[in-house]
Amino acid sequence: MSTYFLTDSHLGAGSDSLERERQMVRFLDSIKPDCERLILLGDIFEFWFSYKYVVPKGHVRILGKLAEMIDRGVEIHYFIGNHDMWLFDYLEKEIGLTMHSDPIDMEIDGRMFHIGHGDGMGYKLTQNRHEKKYIKLKRMFRCRFNQRLFAMVNPRIGIGIALRWSNSSRKSHGDKYNHYLGDEKEGIVLHCKEKLKEMEYDYFVFGHRHLAMTMPLEIGDRKSVYINVGDWIDHRNYAVFDGKEVTIHDYSEDKDLL
């Protein structure tokens, strides 16, 4: 039995969102025989706000498929990203997902993992100015008072504004971050190295960067591997841990990437 990782599908963004969702559902059907655990690393939705009485329009196929998987015994974890940080507990109560707002340690088949979305990681150490600015914005969005204010806005207006902001923010990065920035500017890598100083990990698995990669890490006599799963918006990346190793694949071509 295997553990699968998916991240950054940004459903609701772009004219091909529905097709991405259908592909994701077909992928989840394809892994039925051996999927024991599914880990969603965040930004599955371009935007989500869990209103008290309103459910955002769309995404019924993926929500239904996740509910089906939970019902047949698949363990599903959801790590909140920077685009869907206002999910709160709706999917946990309605579907049964286990929600995480921050990275966690998880032991899987005797291997120690450190898993999360990846936004704002290592901001105290990185020389990436964008990450340092973003952490201030993240604190503002996580403020309960600000969340209550947004909840008072009519969803038709609030969601429209949020989607435009979210889409603009993602596109503003352009090609600036579609390559490895270097050891001093990759916040997630810096975060992983700091964690490796504290204890031994076999794997660090994150999303957020939209950059599928496998990178060995070494601190003293401790060795580990950093995995970034990539994305499902521009590519169709996923990762799988078969009990022995983590590998990255591309569903659209059905081949190993790294």
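Select Asp8 to begin: at 0% relative accessibility, Asp8 is buried, where buried means under 20% relative accessible area, exposed over 50%, and partly exposed in between (1.4 Å probe, protein chains only). Asp8 is not a glycine, yet its phi is positive, about 50°. The residue belongs to the loop between strand S1 (2-6) and helix H1 (17-30); helices (H or I, at least four residues) and strands (E, at least two) are DSSP runs, numbered from the N terminus.

The model is predicted: local features need pLDDT of at least 70, side-chain atom pairs count only at pLDDT 80 or more, and totals for chains, interfaces and linings use all residues. Residues are numbered from 1 along each chain as its sequence is written, and side-chain values use heavy atoms, with hydrogens and water left out.

Next, select S1 and S2. These strands run parallel and are joined by five bridges; two strands pair if DSSP finds at least two bridges between them. Leu6 stands opposite Leu40 in S2. From S1 the chain passes through H1 to S2, a right-handed β-α-β crossover. Right-handed here means that, with the strands pointing away from the viewer, the path from the first strand over the helix to the second runs clockwise. Of the six residues of S2, five are buried.

S2 and S3 pair in parallel over four bridges, and Ile39 has His77 in S3 as its bridge partner. The path from S2 through H2 to S3 is a right-handed β-α-β crossover.

Now select H2 (residues 60-71). Its twelve residues should span 16 Å at 1.5 Å a residue, and the end C-alpha atoms are 16 Å apart, which agrees; the expected span is 1.5 Å times one less than the number of residues. Colour Ile62, Leu63, Lys65, Leu66, Met69 and Ile70, the buried residues of H2. They lie on the same side of H2 because they cover an arc of only 160° around the axis, the arc being that of the directions from the helix axis to the C-beta atoms. An α-helix has 3.6 residues a turn, so residues three or four places apart point the same way. The buried residues of H2 pack against H1, S2, S3 and helix H3 (90-94), with contact meaning heavy atoms within 4.5 Å. On the face turned away from the buried side, look for the exposed residues Val60 and Asp71. Gly73 follows H2 and has a positive phi, near 105°.

Turn to the charged side chains. The structure holds twelve salt bridges, each a side-chain nitrogen of Lys or Arg within 4 Å of a carboxyl oxygen of Asp or Glu.

- Select Glu68 and Arg72: their side chains form a salt bridge at 3.1 Å, N to O. Salt bridges with shared partners join Asp29, Lys32, Lys65, Glu68 and Arg72 into one network.
- Select Arg37 and Glu75: this salt bridge is 3.2 Å, N to O. It links distant parts of the chain, with Arg37 in strand S2 (residues 35-40) and Glu75 in strand S3 (residues 75-79), 38 residues apart. Arg37 is buried at 10% relative accessible area, and Glu75 is partly exposed at 32%.
- Select Asp16 and Arg20: their salt bridge is 2.6 Å, N to O. Asp16 is partly exposed at 33%, while Arg20 is buried at 0%.

Finish at His210, in the loop between strand S7 (203-206) and strand S8 (213-219). His210 is not a glycine, but its phi is positive, about 55°.
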